Amino acid sequence: MSSGESFYGGIPVFRGFTSLMDPALYAPLPDDWSIGVADIVDSTKAIAAQRYKAVNMAGAAVIAAVTNALQGREFPFVFGGDGASFAVAPDDVELARQALAATATWVREDLDLTLRVALVPVSVIRTHGLDVRVARFGPSANLSYAMFSGGGLAWADAAMKRGEFAVDEAPAGTQPDLSGLSCRFEVMPAARGLILSVLVMPARGVDQVAFRRVIEDIIHLVERSPEGGRPVPPQGPPLKWPPQGVEFEARTRRGGPLLARRASVLACTLFAYFIMRFDIKIGGFVPSLYKRQVVENSDFRKYDDGLRMILDCTPQLERALNDRLKAAAREGIVRYGLYQQDAAMMTCFAPSALRSDHVHFIDGARGGYASAATALKAMMAAG
C-alpha cells in the first residue's frame, strides 16, 4: 500500500450526509502532499453554445486520467462540473502532473476547450493561514467520496486562475489514459418540478459556527424531501441507442482513426444496450444490480470548502432554500448561487463493470454548477 493509500484509506467513512459539517470527520492532509486543480476557461461561453456535455466530460476526464495514471490507487477527489480538484501524496505527484498535462492537451485537441491545470503544495497553502482537511462520505456500501474543508482548496483554485503553479500542456497528440470514462445515459428530466444547482460558499472572514449552522439548515431542508432530492430515477437513468455521448466516448479511446473508434463505440454500446434493456446476465455482470449501484453511487452532493448539490426538487423546496440562503447572505454569512433547469445529466467513470465502486458524476444538464457559480459571482459583484 502506498503512503497515499495508507493515509486516505485510514480515514473512517461517515454515512449520514447531515453529519457533513462535523470537524471531527476531517483529517488534515500531510504537509508534503499536493493539491491538483483544473477548470475550463470561459465555461460560460461553452454553456451558452450548448456544449455543457463537453464541459462535463473535460472535468470528469481529469479524475479518470489521474486515477488511471495511479493504477487505481485510491486518492481524494471532487468533481466540480466544469473542473475537478484532488489531492495526491508525494510519491504520486509526478504521475498526476503528467496526467494533468496530457488531459489539458486532449481537451484542447478533442473537445476544442481550454483546460487550465495546476498543482499546489499543501505546505504553501498553510503558509497563507489556511488548511486542507479531508473526510470520506459513503453514499452507499459500494464506495466513498472525498469532502474537503479548511479553505485550502478554494485558495488553490484562485491561485490557478491567477496563473500560479500552472502545469503546462503535454506535446501535441499526447493522449491520457481515459479508460472507463463514458457518458452513455440520457439526460434525466426533473420528476418533482425542477433540477436545482446549488453552490454555497462562506463569506470572507465568516464565523465558522454560523456558517456550519446555515449549511446544516440547508441539508436538513433537503433531507426532508423525497430521497434527499436525488436527481437519478430509482430505476436508473434513461438509456437509448445510439447514446448521445458516442462522439465523446470515441474521442477518449486511444489509437486508430476517429471513424474506426466511433464504429467500435457504436458496436460496444449496442451490445451494452441490449444487455441492459433485456436484463441479460453475462458472466458476473447482473444488469439490475448495476442499475441499482448507478443510483446509489450517484455523486449529486458534496463539500469542497463549500456545499454543492444537484437536486430534483419542488418549487416549494427551491423557495425554502432560497429564503434561508438569502437571509444568511444578508447577515454576511454566505455567498451563494442557485440555478434552475429542467434536467440533470450523468458522466460515468467505470473502469470495471464487475466492480461495485463505479462513479457517476451528476450535474445540471443546462448549465449546472458552472451557472450556479456565475450566479454566485454576480451576487459578489452586486454586494
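Modeller: The model is a predicted one. In it, C348 is buried, with a relative accessible area of 2%.

Biologist: How many disulfides are found in the whole structure?
Modeller: A search of the whole structure finds zero disulfides. C348 is in none, and its nearest cysteine sulfur, that of C183, is 8.0 Å away.

Biologist: And C313, buried or exposed?
Modeller: C313 has a relative accessibility of 1%, so it counts as buried.

Biologist: On to the sheets. What is the strand order in the open sheet of four strands?
Modeller: The order is β13-β14-β11-β15, and the pairing is antiparallel.

Biologist: Which strands stand at the edges?
Modeller: Those are β13 (301–303) and β15 (334–341). Each has a single partner strand, so one side of each is without a neighbour in the sheet. From one strand to the next, the twist averages 15°.

Biologist: How many bridges join β11 to β14?
Modeller: Seven bridges join β11 (residues 194–202) to β14 (residues 307–313), and the two strands run antiparallel. As one example, V198 has M309 of β14 as its bridge partner.

Biologist: Which strands does helix α11 lie across?
Modeller: Helix α11 (residues 315–330) lies across β11, β14 and β15, and it runs at about 160° to β15.

Biologist: Now β3. Which strand does it pair with?
Modeller: Strand β3 (residues 34–40) pairs with β6 in the antiparallel sense, over seven bridges. Strand β6 (residues 115–121) is mostly covered, as five of its seven residues are buried.

Biologist: Where is its kink centred?
Modeller: The kink in α3 is centred on A60 and amounts to about 25°.

Biologist: How many residues of α3 are buried?
Modeller: Of its 18 residues, 17 are buried, so α3 is largely enclosed by the rest of the structure.

Biologist: What about the loops on either side of this helix?
Modeller: Q50 lies in the loop between α2 (43–48) and α3. Its phi is near 60°, a positive value in a residue other than glycine. With a relative accessibility of 74%, Q50 counts as exposed. Just after α3, Q71 takes a positive phi of about 55°. Q71 sits in the loop between α3 and β4 (77–79), and it is exposed, with a relative accessible area of 70%.

Biologist: Where is the cis peptide bond?
Modeller: The bond from W241 to P242 is cis, with omega near -5°. P242 is in the loop between α7 (208–223) and α8 (246–252).

Biologist: Next, α10. Which of its residues are buried?
Modeller: In helix α10 (residues 287–296), the buried residues are P287, Y290, Q293, V294 and V295. Their cover includes α9 (258–277), β12 (298–299), β16 (343–349) and β17 (359–364).

Biologist: Finally, M380: which helix is it found in?
Modeller: M380 is found in helix α12 (residues 368–382). It is partly exposed, with a relative accessible area of 41%. M380 and R335 are 45 residues apart in sequence, and their C-alpha atoms are 7.1 Å apart in space.

Terms used: Residues numbered from 1 in each chain as written. Predicted model: local features only at pLDDT ≥ 70, side-chain atom pairs only at ≥ 80, totals over all residues. Heavy atoms only, no water. Disulfide = S-S within 2.5 Å. Buried < 20%, exposed > 50% of the residue type's maximum accessible area, 1.4 Å probe, protein only. Pairing = 2+ DSSP bridges. Axes fitted to C-alpha atoms, helices over the stretch in contact; angles between N-to-C directions. Contact = heavy atoms within 4.5 Å. Bend = angle between axes of the 7 residues up to and from the residue.
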